[in-house]
Amino acid sequence: MKKLFIACWLFIFVVHNVFAQKELSRDERMKWWREARFGMFIHWGDYAGLAGMYKGYEVGRGGEWIMNRGKIPVAEYQEFAKKFNPVKYDPDAWVKLAKEAGMKYIVITAKHHDGFAMFKSNASKWNIADATPYGKDVLKPLAAACKKYGIKLGFYYSQAQDWNNPGGAAARKVSSEGWPNPDSAKIDAYTKENTGHWDPAQTSATMADYIDRVAVPQVKELLTNYGEVAVIWWDTPTNMTDEFAQKLHDLLKLQPNIISNDRLKRPNFAGDYKTPEQKIPNLSELDGKDWETCMTMNGTWGYKSYDHKWKTPETLIHNLIDIASKGGNYLLNVGPNAEGEFPQESITTLKKMGEWMKVNSEAIYATKASPLQPLSWGRCTLKPNGKNTILYFSVFNWPADGKLLIPGLKNEVIISAKMLAGNTALKTASSGDGLVINVPDKATDNIATVIKVEVKGAMGGQAVNPTDKMKTGALD
């Protein structure tokens, strides 16, 4: 009788909590994301084992696209997975580094275009647990580490392109973009006649079958087996239809507070935010909608052994500040190698970014776009403070004469002005051109020194008046 009582109590408790969950409005769902401003993208899969090389050649635009760019047959590509064994994978270290860098969320490639799932899936044996000697799901320990460190977790999922599971779409790319394949002419003729596919195994089922057999079940697995999922990041809706997209979109109800991007199927599935890729939008492209720039730290998403075009920490910090000053988010990519390690250059740069964020994150988190016209010497972010406004000026080029001019701040009442690092008070004066802040002879940070100015009253952002269209990622 006691056991029955306990069982009934537990059932009532669970039911109560399930139904007590309030479905959030879009603004409520987006709140954490808008405040985060900085996240980590992780492109990782069995393609890391090839490291951008095939047949002894560096494959153009290889990385995660190497199977398509190299036109590798399905059976041959699947053999490579038998060597994929990331024994040095340490999700705790990954998430800890992201947190120390100042990142608030992680989005990892649960399945990229090659169709290889980085999780145990009942919908396809083409997954890390069943097709590799590693034999384990890598997403579950990552989800646990994210929960431990308070980092939001999101999943990238290639909903349309899938080059290994029959019926998946394939964007047509000519062979010459990959490597000097002697059969290029023959392959290109074949892909032209077969909607981008280069292997008959890829077209042994219809796309409708693929959506029902693989995509829908796998997205359901991702949204039910890993606890709270903050983001679903769709990509390249090649050959998608509204009918296919609706089936996938309906699954988001499994995570009522989830947000999604704009790449499921255009234009009828706009998602919650736009996704400019490898570029920061100009002010002329901003239309008041949420957006996130995704960008590589070198020149590639997935790991390539020969890509050494690393951006400097200064460039990446300036990018982060620039993006925040325009009201956007920065999703910065890391491409782990086949053993499960982050490249050392990525680690070094993220630690450097973390050093800057440890001192200056107040000028990034929960800020809004600058209310001022573009500044020649740096960027501005805004944060409401009750009835007043705080402006953060990130100075890239320190004034040689010790006077920092803020054009546009002419008639505002200045409550305070101080260095963010050290809290040193600064004197200000009005001029015909704007506010002049008297600053020390030298910057406190060679990358970006932040000055915090509180202004009486509320300040609004710049009026939205786009004259250009934001490019938010290629269709394929």
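# Reading helix packing, sheets and a salt bridge

Me: At roughly what angle do the axes of helix 9 (residues 207-224) and helix 10 (residues 242-250) cross?

Reply: Two packed helices are described by the angle between their axes and the distance between the axes. Here the axes of helix 9 and helix 10 cross at roughly 15 degrees and come within 10 Å, where axes are lines fitted to C-alpha atoms, for helices over the stretch in contact, and angles run from 0 to 180 degrees between N-to-C directions. Helix 9 is therefore roughly parallel to helix 10, a label for angles under 35 degrees. This is a predicted model, in which local features need pLDDT of at least 70 and side-chain atom pairs count only at pLDDT 80 or more, while totals for chains, interfaces and linings use all residues. Residues are numbered from 1 along each chain as its sequence is written, and side-chain values use heavy atoms, with hydrogens and water left out. Helices (H or I, at least four residues) and strands (E, at least two) are DSSP runs, numbered from the N terminus.

Me: Which residues of helix 9 meet helix 10?

Reply: From helix 9, M207, A208, I211, D212, A215, V216 and V219 meet F244, K247 and L248 of helix 10, contact meaning heavy atoms within 4.5 Å. By class, this contact has eight nonpolar, two charged and no polar residues, with Ala, Val, Leu, Ile, Met, Phe, Trp, Tyr, Cys and Pro counted as nonpolar, Asp, Glu, Lys and Arg as charged, and the others, Gly among them, as polar.

Me: What is the order of strands in the open sheet of seven?

Reply: Strands of a sheet pair through backbone hydrogen bonds, either parallel or antiparallel. The seven strands follow the order 7-6-5-4-1-9-8 with parallel pairing, and two strands pair if DSSP finds at least two bridges between them. Strand 7 and strand 8 stand at the edges with a single partner strand each, so one side of each has no neighbour in the sheet. Strand 4 (residues 105-111) and strand 5 (residues 152-157) run parallel and are joined by six bridges; V107 has G154 in strand 5 as its bridge partner.

Me: Which parts does the salt bridge of R26 and D272 tie together?

Reply: The side chains of R26 and D272 meet at 3.2 Å, N to O, a salt bridge being a side-chain nitrogen of Lys or Arg within 4 Å of a carboxyl oxygen of Asp or Glu. R26 lies in helix 2 (residues 26-36) and D272 in the loop between strand 7 (259-260) and strand 8 (292-295), so the pair ties together parts that are 246 residues apart in sequence.

How values were computed:
Angles under 35 degrees count as roughly parallel, over 145 as roughly antiparallel, 65 to 115 as roughly perpendicular and the rest as oblique.
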